[in-house]
2 protein chains.
Amino acid sequence: MSKNFDLEKALFILVIGNTKTAEIPGITVAGANPELIKYTPPADAELLYHGKCISIESIPATPDGKPTPALLTFTALRLTKIPLLVVDSGLIVKPKIPHITLGAPVGENIAKFRAMEKEDVEKVVKNGKILGEQLSKLASLLIVGESIPAGTTTAGAALKALGFEPRVSSSMPDNPVDLKRKVIDEAVKRVHSKDPIEIISAVGDPVMAGIFGILNGCRRVLLAGGTQMVAIANLAKSLDCEVSIVTTEFVANDKNADLSLAPCEVFVTKIPLARSRYPGLRAYADGFVKEGVGAGGMTFLAYKKGIKEEEFLKEVERDYERIVLKV
Amino acid sequence: MSKNFDLEKALFILVIGNTKTAEIPGITVAGANPELIKYTPPADAELLYHGKCISIESIPATPDGKPTPALLTFTALRLTKIPLLVVDSGLIVKPKIPHITLGAPVGENIAKFRAMEKEDVEKVVKNGKILGEQLSKLASLLIVGESIPAGTTTAGAALKALGFEPRVSSSMPDNPVDLKRKVIDEAVKRVHSKDPIEIISAVGDPVMAGIFGILNGCRRVLLAGGTQMVAIANLAKSLDCEVSIVTTEFVANDKNADLSLAPCEVFVTKIPLARSRYPGLRAYADGFVKEGVGAGGMTFLAYKKGIKEEEFLKEVERDYERIVLKV
């Protein structure tokens, strides 16, 4: 992708869903407690439109209170005025906002089962392709983000199924690598070929299916995320779509993040959260949360629209005060 | 609205749903039999993306086989390559294609009950507004069509609630005017004020709520339809959105069609179906079906894109052969 981005009619697409892989104890902290994890994707999406969540009371956070990266995306959308469309690709709980559905099932726990029926994945990919085709006609630049707890585990499994030796990133600095590796190794035994549909059906998740489908209908897409987008970019290598990845420096600084496996250009966005006055935001620089909900990509576009790093930090802190601290 | 349409990034939005008013025997022929009527909106939408229906075997038709106006819209979309997004605003059966949901309930039978809870209408309008805002940022021209059996009856009730004496169009030439008038008169007794939300809640339908909501988030919209769009344009008079209506000559030639009640500019599209070699298409010129699924508006845009009337007829006949006659 050329580095000249036509932001005039840019569109951010947030694809959200669930995999029951997130129910494996200890595999994800994308929720304050196990019961809340399934609400994280719809609540992230609600936050982006309304500056607050509707399906749950507080915004998604880790058990010790680190806020969802949707907060950064919210700030970037507010500053850039880039439009947002939310895509349900396998949600347990539907968001209370307008959203597009691709008819995806919830993903199974890949530690125990194949993720989805192949026919379901094919249907989702077909629907995603239609959506990608329609939106490509309107938008000058498509940027796609995700929210799916345990998505780094399914991404690791997809990468391993493709023949890589993935390391796999996480929303925790003490990344439960051994647990993930065990799940991934078990899951990959169920893969019958290197065909993307087979890999997604066997060890992927419905968000992976939805984004892969969207890429089938597009010419150029900016994938906003870390390990998950690296997996999708590899699955999409044979498609006609020109893909780039954009993510946060927090992912790039993570030795487990597998960005080196990206088959395409990777843009890394600096976000000066280390200098924040709020511990909840500084935590990102210490390796917590790091990325998600397209935070790195939308921050990147905010910079492209002329917003300076320090100004962005100030605006994120303003939203943090209003949304998290409620002052 | 200026007559210079910027078609470069035009977007067609099809808003579909159901009202149980369609279950009143004899009130609509938007389906081959009463059981099939509820499938008409999703099947219309599927036809536009796939050139065939998925939820039912044949395309929607009247009991004596006159085809859905979605056929004209399909041809126009194919020729113009204008993108389409489908919006579920109160469907009984969901279409098997990607679609946006506004969280609308199915509308009640207004002969007996208020159409919807006011809180539900407010929610749909809020969601529609968000959607309108996002799509307005992308599209240079928004054109909105509808598919909801018995929608002319709820439209007539909304017009009467606003203080008009509507005549009310229909998909039949022997329009069951007396039956409709009885339903409308009964329904309007339940209206408490001239507030649009109150009127939609009391005697409207969910598609009316969805489109009214979308208009709340837009600056300029082309409403593609007949009586139903006249009702919506009147409900939307106090909004900031500049509205125009575009419909077929078959509606304009119908003395019951109420176009004179439009509070805005009305464009009328000639479609030379009277000269078709197929009786199913000639029927439109005899007062059957006449309009729906944005057929008049999308034909209008096809002409604006330089397609000639005779060429359009030929292309519609080609699609009729493939889709209806299956030759």
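What follows is a working chat about a predicted model with chains A and B.

Colleague: What stands opposite Ile100(B)?

Modeller: Ile100(A), its counterpart in number, stands opposite Ile100(B) in β3(B). Strand β3 of chain A, residues 99–101, is joined to β3(B) by three bridges, and these strands run antiparallel.

Colleague: How many residues does each chain put into the contact?

Modeller: Chain B gives 22 residues and chain A gives 22 residues. On the side of chain B that touches chain A, the elements giving two or more residues are β2 (84–88), β3 (99–101) and α3 (118–138) of chain B.

Colleague: Which of them gives the most?

Modeller: α3(B), with six residues.

Colleague: And by class, what is on that side of chain B?

Modeller: It has 13 nonpolar, five polar and four charged residues.

Colleague: Why say the copies meet through the same surface?

Modeller: Because 100% of the interface residues of chain B are also interface residues in chain A.

Colleague: Change of topic, the sheet in chain A. What does β5(A) pair with?

Modeller: Strand β4 of chain A, residues 141–147, is joined to β5(A) by three bridges, in parallel. β5(A) also pairs with strand β6 of chain A, residues 242–248, in the parallel sense over five bridges.

Colleague: How does the chain cross from β5(A) to β6(A)?

Modeller: Over those five parallel bridges the two strands are paired. The chain goes from β5(A) to β6(A) through helix α8 of chain A, residues 227–235, and this β-α-β crossover is right-handed.

Colleague: What about the nonpolar core? Which residues touch the most other members of the largest one?

Modeller: Ile13(A), Leu14(A), Ile13(B) and Leu14(B), out of 223 residues in that core. In soluble globular proteins, nonpolar side chains tend to be buried together.

Colleague: What does Ile13(A) touch?

Modeller: Not counting residues up to four places away in sequence, Ile13(A) touches Leu85(A), Val87(A), Leu135(A), Leu142(A), Val144(A) and Ile214(A).

Colleague: Over to chain B. Why call helix α4(B) largely enclosed?

Modeller: Because 11 of the 11 residues of that helix, residues 151–161 of chain B, are buried. Among them are Thr152(B), Thr153(B), Thr154(B) and Lys160(B).

Colleague: What covers the buried residues?

Modeller: The cover of α4(B) includes β4 (141–147), α5 (177–188), α6 (196–203), α7 (206–216) and α8 (227–235) of chain B.

Colleague: And which residue with positive phi follows α4(B)?

Modeller: Gly163(B), with phi near 105 degrees.

Colleague: Last one, Ile323(A). Where does Ile323(A) lie, and why does it count as buried?

Modeller: Ile323(A) lies in helix α12 of chain A, residues 309–325. Ile323(A) has 20 C-beta neighbours inside 10 Å, and it therefore counts as buried; the cut-off is 20 or more.

Colleague: What is Ile323(A) in contact with?

Modeller: Gly51(A), Lys52(A), Ile59(A) and Leu71(A), leaving aside neighbours of Ile323(A) within four places in sequence.

How values were computed
Residues are numbered from 1 along each chain as its sequence is written. Chains are lettered from A and ligands numbered from 1 in the order in which they are written. This is a predicted model: local features need pLDDT of at least 70, side-chain atom pairs count only at pLDDT 80 or more; totals for chains, interfaces and linings use all residues. Two strands pair if DSSP finds at least two bridges between them. Helices (H or I, at least four residues) and strands (E, at least two) are DSSP runs, numbered from the N terminus. A crossover is right-handed if, with the strands pointing away from the viewer, the path from the first strand over the helix to the second runs clockwise. Two residues are in contact if their C-beta atoms, placed from the backbone, lie within 7 Å. Ala, Val, Leu, Ile, Met, Phe, Trp, Tyr, Cys and Pro count as nonpolar, Asp, Glu, Lys and Arg as charged, and the others, Gly among them, as polar. A nonpolar core is a set of buried Ala, Val, Leu, Ile, Met, Phe, Trp, Tyr and Cys residues joined through C-beta atoms within 7 Å. A residue is buried if 20 or more other C-beta atoms lie within 10 Å of its own, exposed if 12 or fewer, and partly exposed in between; C-beta atoms are placed from the backbone.
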